[in-house]
Amino acid sequence: MTNEQTASSAVLLKHDGSIATLTMNRPDARNAMSVEILDAMHDAVDAVRDSDASVLVITGSGRAFCAGMDLKAVLIELSGDPDMGERLLTRLAELTLKIRSLPQVTVASVNGAAIGGGCGLTCVCDVTISHADAKLGFPEVDLGICPAVIAPWVVKKLGAGVARKAMLMGGVMSGTAGHEIGLVDQLAPNRDTLDSLTSDVAHRLAEGGPKALSATKNLLNQLDGSLDESMVMRGAKLSAQVLATPEAQAALAARMKR
Amino acid sequence: MIEFSTQTGVSVIELARPDKRNAMLPEMLDQLHEAIKASHDALALVILGQGKTFCAGFDLKACAADPGGETMRALLTGLSRCVGAMRDHPAPVVLGVHGAAVAGGCALLGGADVVIANRTAKLGYPVVRIGVSPAVSSPYMLAAMHEGVVRARLLDTELIDGSQALKLGMIHELCEETGDVRHRTLEIAESLASKPGSGCKATKRWLNEICSVSGERAGAGLNASLELTGNDEERARLAALWGAS
């Protein structure tokens, strides 16, 4: 039985048996993290937590998975609100903690660009699926900003040494390169085959006993310190401080004009 | 024994004892530490070796000639201080391994943020063979690689090549040719130095906090290596290596 449930138009939430699928749905904005989309994701994740689903798939509509923070919102000269950056980053930090502590196993199905915070979101998930031509990475330093909110999750996903290189060097990489360093767990050869691979993996995961899955996930969360909220929340403050510097604002403004 | 230069925000430190494969002496590590400190204003720091290989590790001939073990102790202490200073350096540290990074030379990788090596480079910590404990390196390696990998690398005396080191996360990028390492290392450093604002430094500082190597842990590793220094096993093995009495 497929049960279409629309939490809000910014995010679509679908339940199909024990598999829930959350789709970020602002394709014209490459699903960038605006207040609207982050609020809608919080609501959708809350709904999934209380549902019978044992697997949650997160994906994006259109060509991008998620382009990262909404630059229009964090550019002070455009938003006119110097506190918007910190509010968004705090909301993102809370969302990552909420997703990580879900009893459901989470799968990121990276359909296209997963950039900055969008790529961080994939690292919060338990399993990441993508395709060879997707673009993933952490170009924050290229804009003079600091990926502090997502850094703890990237370190857990990649290991500290590889995460250090990926976040300090910036830029983006292909899905294939992401697969080589452990950012992507399962790689489809192209976009056309991603959905069937995602479905296969989600159904295989959903075969597990829900109690066994959530107990295992909870244990892994305890072992790797995922339930320690302080690092991620402090990351939001630090990220916001760097974001507000004149150098970072100038680099962001230059990027917007491109 | 150390050469140091700075150009357009990139500081370059070179191990400069090429006729001895850049084998480390205590005064060389003192100079290295001073150079790392002196480069604190740089936007990126590069560490390279001159000659045919990056670094062969401690100068064991000097260690064998000092049966009291003072040379070995000074080397272990100097190495720990240098790796800590690399990690604490405000800017990213890029290290290029050409040819070989062995024992103490390989330990320097633990302080670097980005490591490049050529495909056939030899890397490893074959120091238990001479009765020395690589404990001094372990806190920094554990902050960079998976625990299982670190155990195998520190206890097994095997040297691995660049390809395998990439798979294990010991290095981050391969060059096909030995001669390409220097160019690529400088290129990465220049790219890092050209990034705007304080994002890179803030990110390094934050990563150091997330995956911190506390002074206490670094000290415990050094002490474990120091405690073993001067024992009969080490003296006998070093003497055998150099045919000394």
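The model is predicted. Chain A has an open sheet of three strands. Chain B touches chain A through 24 of its residues.

**The sheet in chain A**

- The strand order is β6-β8-β9 in chain A, and the pairing is mixed.
- Strands β6 (114–115) and β9 (172–174) of chain A stand at the edges.
- Each of these edge strands has a single partner strand, so one side of each is left without a neighbour in the sheet.
- Strand β8 (residues 135–137) of chain A runs antiparallel to β9(A), and three bridges join the two.
- A:Leu136 has its bridge partner in β9(A), namely A:Met173.

**Helix α1 of chain A**

- Helix α1(A) spans residues 35–49, which makes 15 residues.
- From its first C-alpha to its last, α1(A) reaches 21 Å, close to the 21 Å expected at 1.5 Å a residue.
- The buried residues of α1(A) are A:Ile37, A:Leu38, A:Ala40, A:Met41, A:Ala44, A:Val45 and A:Val48.

**Where chain B meets chain A**

- On the two sides, 24 residues of chain B are in contact with 30 residues of chain A.
- In chain B, the elements that give two or more residues to this contact are α8 (181–193) and α9 (199–210).
- Helix α9(B) supplies the largest share of chain B's side, eight residues.
- By type, chain B's side has 14 nonpolar, seven polar and three charged residues.

Definitions and conventions. Residues are numbered from 1 along each chain as its sequence is written. Chains are lettered from A and ligands numbered from 1 in the order in which they are written. This is a predicted model: local features need pLDDT of at least 70, side-chain atom pairs count only at pLDDT 80 or more; totals for chains, interfaces and linings use all residues. Two strands pair if DSSP finds at least two bridges between them. Helices (H or I, at least four residues) and strands (E, at least two) are DSSP runs, numbered from the N terminus. Two residues are in contact if their C-beta atoms, placed from the backbone, lie within 7 Å. Ala, Val, Leu, Ile, Met, Phe, Trp, Tyr, Cys and Pro count as nonpolar, Asp, Glu, Lys and Arg as charged, and the others, Gly among them, as polar. The expected span of a helix is 1.5 Å times one less than its number of residues. A residue is buried if 20 or more other C-beta atoms lie within 10 Å of its own, exposed if 12 or fewer, and partly exposed in between; C-beta atoms are placed from the backbone.
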